[in-house]
Amino acid sequence: DMLPHHRDTYQFYRDKYNIVDPTTIHRAVIFLEDWKPGHIFEIENNLLSKWSAGDYVLWHNDALHMAANLGLEDRYTVQITFTQ
């Protein structure tokens, strides 16, 4: 599985909560299990691997990021979107 480089638009979130200014939106991904071979996350040209369960990545509204599972085991995460 692969989610290529992209920037989130948060359109559903913006519509649901009537958010006009997307710069107030943040997103976090929490890794639920320790890293396994072939699991990849990249944000703003920083490649992440070898994370531990409970580690997280937090970014502002328009950060370029991607995720991939090129391994043999599933990769489990939780995604949280919020405004500040």
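**Exercise 1.** Which side chain does R27 meet in a salt bridge?

*Solution.* Keep in mind that we're working with a predicted model. Start at R27: its side chain and that of D8 form a salt bridge, with 3.1 Å from N to O. R27 sits in strand 2, while D8 belongs to the loop between strand 1 and helix 1 (11–16), so the pair ties together parts that are 19 residues apart in sequence. Finally, check burial, where the cut-off is under 20% relative accessible area. R27 comes out at 12% and D8 at 15%, so R27 is buried and D8 is buried too.

**Exercise 2.** Work out whether K36 and E33 are buried or partly exposed.

*Solution.* These two also form a salt bridge, their closest N and O atoms being 3.0 Å apart. K36 has 18% relative accessibility and counts as buried. E33, at 31%, is partly exposed.

**Exercise 3.** Find the edge strands of the open sheet.

*Solution.* First, write down the order: four strands run 1-6-3-4, with antiparallel pairing. Now look at the ends. Strand 1 (2–6) and strand 4 (46–48) each have a single partner strand, so one side of each has no neighbour in the sheet. Then zoom in on strand 4: it pairs with strand 3 (residues 39–43) over three bridges, and I43 stands opposite N46.

How values were computed
Residues numbered from 1 in each chain as written. Predicted model: local features only at pLDDT ≥ 70, side-chain atom pairs only at ≥ 80, totals over all residues. Heavy atoms only, no water. Pairing = 2+ DSSP bridges. Helix = DSSP H or I, 4+ residues; strand = E, 2+ residues; numbered from the N terminus. Salt bridge = Lys/Arg side-chain N within 4 Å of Asp/Glu carboxyl O. Buried < 20%, exposed > 50% of the residue type's maximum accessible area, 1.4 Å probe, protein only.
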